[in-house]
Amino acid sequence: MSLTIGILALQGDYEAHARVLARLGLMPERDSDRLFPPPPSAAQPEFVGHWRFVRSPADLADLDGVILPGGESSTMLKFLEDEALWRGLGALLQRQAVFATCAGVILLARQVGNPPQRSLAALDITVERNAYGRQIDSSVRQGEWAPGTPDAGRPLEMVFIRAPKIADIGPKVEVLATESGLPVLVRQGRILAATFHPELGADLALHRLFLRAASA
Amino acid sequence: MPTPELRLKTGLAEMLKGGVIMDVTDAAQAQIAEQAGAAAVMALERVPADIRKEGGVARMASIRKMREIMQSVSIPVMAKCRIGHLVEAQILQALGVDYIDESEVLTPADEAYHVDKHAFTVPFVCGARNLGEALRRIAEGAAMIRTKGEAGTGDVVHAVRHMRAIVREMRELTLLREEELFGRAKELAAPVELVRLVAREGRLPVPNFSAGGIATPADAALVMQLGAEAVFVGSGIFKSEDPAARARAIVRATTHYRDPQVLLEVSSELGEPMRGLDAAAIRPEEQLQTRGW
């Protein structure tokens with residue numbers, strides 16, 4: 001099956017996500033979605049399909065999955081004041097596979113603190129923004145897959161940059177990985193959410209997991 | 001794969017892509033910037049247009065002002081140190097700012113050397129007019145490059161010249177043969193390892209932003225279309241008639257930089273831009289961009 005994946009491109013590291021999708025075999029859908037310079041084609045394409053940068057409500061049509069990237073959540077929220085974009089994205093989150101990293105997780109959370117801000121409330125978690133401190137406290141850490149997951153105990157490299165903290169999770173939320181005992185990778189239905197940045201690392205596992213969910 | 005430290009430093013710059021970093025001089029301005037959707041703010045004592053007008057030695061901003069700004073917003077806060085002033089940089093790191101701009105807008109503290117940026121945990125951004133200058137700064141540890149442009153003028157022509165030069169020189173490198181890269185490295189006065197890396201990848205190993213003279217939404221979209229990955233706006237916002245409206249418009253123009261309909265919409269009813277200075281009328285010895293080595 002050929003996938004069409006939307007990457008929310010209001011602000012943030014949306015191109016980093018596109019470069020990971022390119023490594024897994026996806027191509028830009030439109031000329032305006034091309035990257036400069038173009039990434040090398042995947043040595044062994046694992047998926048077939050395209051990515052599309054999402055900036056307006058029309059860009060949300062016919063997507064199999066959507067990525068909410070890292071960046072500044074308060075900046076992205078300014079663009080989501082466009083009600084058509086807010087509603088369109090909200091509807092998509094109920095139906096399709098979703099992968100959110102860092103600021104994207106803040107947009108999805110049921111409740112946001114430090115400071116409180118509006119959110120799409122599609123994922124039953126409470127997050128605290130900038131809970132680990134400022135840039136000087138950012139770090140690359142080795143977390144691990146949680147017990148009960150297929151990769152239980154295997155280390156997972158995590159790049160944390162001014163990361164939010166998942167302070168509370170609802171009953172339908174599975175914890176897939178932890179770091180220092182705190183949940184940092186969670187799943188609820190077809191929504192996968194990481195407070196770190198797999199798009200800045202070498203491990204393609206989480207993007208693979210997301211694309212498999214989008215294929216299902 | 002770069003070292004974990006460099007990945008964290010460039011990682012924050014990755015998060016700022018597609019965004020606008022706005023110069024602010026106090027907490028009230030910082031809040032206006034955040035409300036307008038700025039991805040980060042740059043704390044400084046005076047905006048470049050005032051430094052140009054008033055003269056005198058331009059230094060790191062006052063600690064009290066920077067603390068107030070850091071406490072008033074949740075987005076990253078950057079601050080400027082003078083070129084080569086490693087102690088101002090140490091103080092800014094101890095203060096906990098998220099990024100340091102070793103900036104030609106302030107009066108240089110060293111006539112020969114820039115700060116050794118590898119010695120710091122906090123990431124640095126530096127200005128460049130061409131690829132050689134960009135690669136020298138990256139060799140010293142800069143985790144983000146921005147064009148210098150000509151700060152405080154509201155005239156975008158130098159930012160355009162610098163962005164075009166950097167992008168063109170990178171494209172040229174990708175066409176050279178291996179043995180030709182040594183000669184080119186010598187001409188660029190840059191380390192051959194970095195020259196080889198750019199020749200292979202076709203882009204800088206760190207994010208490439210634009211600054212210096214951006215005053216309108218159209219200016220921001222212009223540098224984005226020429227290859228900038230994000231935009232710094234200095235005097236352009238708070239020297240205009242309606243800073244909040246202009247800040248919002250520049251944020252929208254930077255995201256929708258390829259969409260003329262949105263650019264038309266955000267360029268309407270903005271109030272007067274900063275008056276500005278024709279950059280061509282500035283005497284060479286009064287240019288800020290020639291500071292840095």
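Buried here means under 20% relative accessible area, exposed means over 50%, and partly exposed covers what falls in between (1.4 Å probe, protein chains only). The structure is a predicted model, so local features need pLDDT of at least 70 and side-chain atom pairs count only at pLDDT 80 or more, while totals for chains, interfaces and linings use all residues. Residues are numbered from 1 along each chain as its sequence is written, chains are lettered from A and ligands numbered from 1 in the order in which they are written, and side-chain values use heavy atoms, with hydrogens and water left out.

Aromatic rings come first. A pair of aromatic rings is described by the distance of the centres and the angle of the planes. Rings of Phe, Tyr and Trp (its six-membered ring) pair if their centres lie within 6.5 Å, and planes under 30 degrees apart count as stacked, over 60 as edge-to-face and the rest as tilted. On that basis, a search of the whole structure turns up 6 aromatic pairs over all chains. One of them is Tyr14(A) with Phe53(A), an edge-to-face pair at 5.3 Å centre to centre and 70° between the planes. Tyr14(A) sits in helix 1 (residues 14–23) of chain A and Phe53(A) in strand 3 (residues 48–54) of chain A, so the pair ties together parts that are 39 residues apart in sequence. Helices (H or I, at least four residues) and strands (E, at least two) are DSSP runs, numbered from the N terminus. Tyr14(A) is buried at 7% relative accessibility, and Phe53(A) is buried at 2%.

Over in chain B, the ring centres of Phe209(B) and Phe232(B) are 6.3 Å apart with planes at 50°, so this pair is tilted. Phe209(B) belongs to strand 7 (residues 208–209) of chain B and Phe232(B) to strand 8 (residues 231–233) of chain B, so parts 23 residues apart in sequence are tied together by the pair. Phe209(B) is buried, with a relative accessible area of 0%, and Phe232(B) also counts as buried, at 6%.

Back in chain A, ring pairs link Tyr132(A), Phe160(A) and Phe196(A) into a cluster. A charge sits over a ring if NZ of Lys or CZ of Arg is within 6 Å of the ring centre and within 35 degrees of the ring normal. Arg141(A) lies over the face of Tyr132(A), 5.0 Å from the ring centre, and over the face of Phe160(A), at 4.4 Å.

Then there is the backbone. Most residues other than glycine have a negative phi, and most peptide bonds are trans. Phe36(A) and Pro37(A) are joined by a cis peptide bond, with omega about -15°; Pro37(A) is in the loop between strand 2 (27–28) and strand 3 of chain A. The bond from Asn114(A) to Pro115(A) is cis too, with omega near -15°. Asn114(A), in the loop between strand 6 and strand 7 of chain A, has a positive phi near 65° and is partly exposed at 42% relative accessibility. In chain B, Ala189(B) has a positive phi near 55°. Ala189(B) lies in the loop between helix 8 (178–188) and helix 9 (192–201) of chain B, and is partly exposed at 46% relative accessibility.
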